[in-house]
Amino acid sequence: MFNKIMKLGQKKFNKSDQHHQDINSGNNNVVRASRTTPASASSASNGESQTAAPSPSQTPIHPMFTSAPTLEVLPLLKDVSSSDRPLLFMKKAHMCSCQCDFSDTLIMPREKEIKRQTLLELVDFLHSSSGKVNETMQSELIRMVSANIFRCLPPAHHENTGAPPEGNDPEEEEPYLEPWWPHLQLVYELLLRYVVSSEIEPKTAKKFINHTFVSRLLDLFDSEDPREREYLKTVLHRIYGKFIFHRPFIRGSIYNIFYKFLYETERCIGIGELLEILGSVINGFTVPMREEHRLYLVKAILPLHKSKGISIYHQQLSYCVTQFVEKDYKLADTVIRGLLKYWPLTNCQKEVLFLGELEEVLDATESLEFQQCVVPLFTQIGKCLNSAHFQVAERALFLWNNEHIVGLIAQNKDVIFPIIFEALEKNMKGHWNQAVHGLSENVRRMFMEMDTELFEECEKQHPENEAKACELLEQRELIWKRLEEAAAN
């Protein structure tokens with residue numbers, strides 16, 4: 001039986017599979033917008049303008065696989081002897097390197113099912129206790145995984161429509177679903193089983209799961225299929241946990257993706273999943289935190305707040321930022337000033353998100369760090385209290401429902417009261433929303449109960465402050481008039 005298997009390895013490529021030959025010859029680069037439809041990928045695989053890329057593994061190809069793979073029925077791994085199993089495993093892995101055309105369900109239905117069943121068998125083999133995988137088998141396995149997942153990605157939505165990236169709301173768009181997913185999912189599951197397997201030694205696996213392989217995995221986070229990004233997130237997280245020598249490289253690569261997103265592409269795809277990985281990474285940082293991590297917080301993580309598409313990944317970003325403060329309370333002042341630096345001026349929905357994140361950060365802030373930024377912080381909160389958008393004003397007033405924040409305010413009431421009093425009085429006199437009016441009255445009463453003397457002093461100074469504000473407004477209008485007259489003359 002095994003002699004038949006060896007003969008099958010030398011069998012010539014079928015005509016029905018011939019158009020898949022070139023794509024398996026080592027083209028493992030991840031490229032975006034190099035095809036417009038899955039059909040055009042098929043034409044590219046016919047040898048049109050294809051550029052070969054080096055294999056992720058430097059291990060030589062086994063002599064029995066000098067010919068291109070062909071999809072055909074092979075004996076089950078459980079039906080052959082343990083001595084014949086390694087070569088049969090490699091034959092099956094090599095066979096699964098052949099890719100199928102999913103642009104039409106009527107094309108190659110038998111071959112697609114053969115590959116699917118073979119991938120399922122390989123997954124079960126790795127999952128089972130009897131699935132011993134030696135170094136040569138690992139080499140062929142990773143080669144097959146690379147041939148399947150490292151592929152040309154479809155163009156982004158805005159590249160098809162001609163609209164700029166910020167002109168579309170990704171939350172309202174239907175996600176793109178990869179037509180190859182029936183096979184890709186099994187390949188990702190196979191890779192995940194390989195990475196988490198206790199039978200696989202990191203010292204051996206690092207020959208195949210190297211920096212090149214990890215870098216290409218990170219490139220795939222640009223995929224628009226959320227199912228693929230979810231698998232990538234899990235696989236990369238497991239690689240980070242198992243391969244300690246990859247950790248600095250993975251962190252640096254993620255930060256580089258953030259830089260590219262902020263200053264070049266402005267594409268939000270994959271940022272949320274990368275931030276989820278980073279959240280777990282930050283949770284494992286030792287205290288005191290290294291200067292490298294503080295630097296990345298300021299230069300890579302906090303600037304993510306300025307993106308127009310922040311709503312897509314804000315929950316994960318907020319978690320990462322809060323983790324920094326919880327790990328090292330001394331970073332609270334840096335984080336709060338970073339939020340104030342990127343505070344939105346005209347986007348009310350972003351302001352609501354910022355206020356929610358600010359509450360989480362303040363909840364982990366100690367008194368000393370709070371004192372360092374109290375003036376600019378409550379100057380901005382005062383502006384939010386007077387916002388014409390009722391959700392912004394309401395969310396700012398909800399800060400007084402947090403006991404820890406109220407305690408910090410009470411310790412610094414001499415500074416905060418004069419800043420907030422003007423905003424509260426303005427709301428009481430003229431805000432159009434009744435809910436905001438009622439909440440402002442509650443906060444005002446809280447201030448009065450906290451320190452009656454200070455409240456009365458602020459109340460006495462209020463008319464004088466209003467007169468000064470009116471005077472400044474008149475001076476400004478006078479200056480503008482003079483400028484208009486000078487321009488007219």
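Predicted model: local features only at pLDDT ≥ 70, side-chain atom pairs only at ≥ 80, totals over all residues.

Colleague: OK. Are Arg151 and Glu228 buried or exposed?

Modeller: Arg151 is buried, and Glu228 is buried too. Buried means under 20% relative accessible area, exposed means over 50%, and partly exposed is in between (1.4 Å probe, protein chains only).

Colleague: Which residues are in the salt-bridge network with Arg151?

Modeller: Arg151, Glu178 and Glu228 are linked in a network of salt bridges.

Colleague: And how many salt bridges does the structure hold?

Modeller: It holds 22 salt bridges. One of the others is Glu425 with Arg444, where the closest N and O atoms are 2.5 Å apart. That pair links distant parts of the chain, with Glu425 in helix H21 (residues 413–430) and Arg444 in helix H22 (residues 434–450), 19 residues apart. Glu425 counts as buried because its relative accessibility is 10%.

Colleague: What about Glu464 and Lys468, how far apart are their closest N and O atoms?

Modeller: Those two form a salt bridge with the closest N and O atoms 3.8 Å apart. They are four residues apart in helix H23, so about one helical turn separates them. Glu464 is partly exposed, at 47% relative accessible area, and Lys468 also counts as partly exposed, at 46%.

Colleague: Staying with helix H23, which charged patch does it give the most to?

Modeller: The negative one: helix H23 (residues 452–488) gives the most, with three residues. The patch gathers Asp414, Glu453, Glu456 and Glu457 on the surface. Glu453 is in helix H23, and it is exposed because its relative accessible area is 66%.

Colleague: How do you define a patch?

Modeller: Patches are made of residues with over 30% relative accessible area and no salt bridge; like charges are joined within 9 Å, and nonpolar side chains (Val, Leu, Ile, Met, Phe, Trp, Tyr) within 5 Å. Lys and Arg count as positive and Asp and Glu as negative, while His and the chain ends are not counted. The place of a charge is NZ of Lys, CZ of Arg, CG of Asp or CD of Glu.

Colleague: Which residues make the nonpolar patch of about 340 Å²?

Modeller: Ile479, Trp480 and Leu483 make that one. Ile479 is in helix H23, and it is partly exposed, with a relative accessible area of 48%.

Colleague: Let's go inside. What does Leu122 touch?

Modeller: Leaving aside neighbours within four places in sequence, Leu122 is in contact (heavy atoms within 4.5 Å) with residues including Leu77, Phe89, Cys96 and Met144. Lys92 is also in contact; Leu122 and Lys92 are 30 residues apart in sequence but 8.1 Å apart in space, C-alpha to C-alpha. Leu122 lies in helix H4 (residues 109–127), and it counts as buried because its relative accessibility is 0%.

Colleague: And where is Gln380?

Modeller: In helix H18 (residues 374–385). Gln380 counts as buried, at 16% relative accessibility. Not counting residues up to four places away in sequence, it touches Leu340, Trp343 and Glu351.

Colleague: Where's the cis peptide bond?

Modeller: Between Val287 and Pro288, with omega about 5°. Pro288 lies in the loop between helix H12 (271–283) and helix H13 (291–301).

Colleague: Last one: how many helices and strands are in the protein chain?

Modeller: There are 23 helices and two strands. Of the chain's 489 residues, 48% count as buried.

Note on methods: Residues numbered from 1 in each chain as written. Heavy atoms only, no water. Areas by Shrake-Rupley, 256 points an atom, 1.4 Å probe, with all protein chains shown as cover. Salt bridge = Lys/Arg side-chain N within 4 Å of Asp/Glu carboxyl O.
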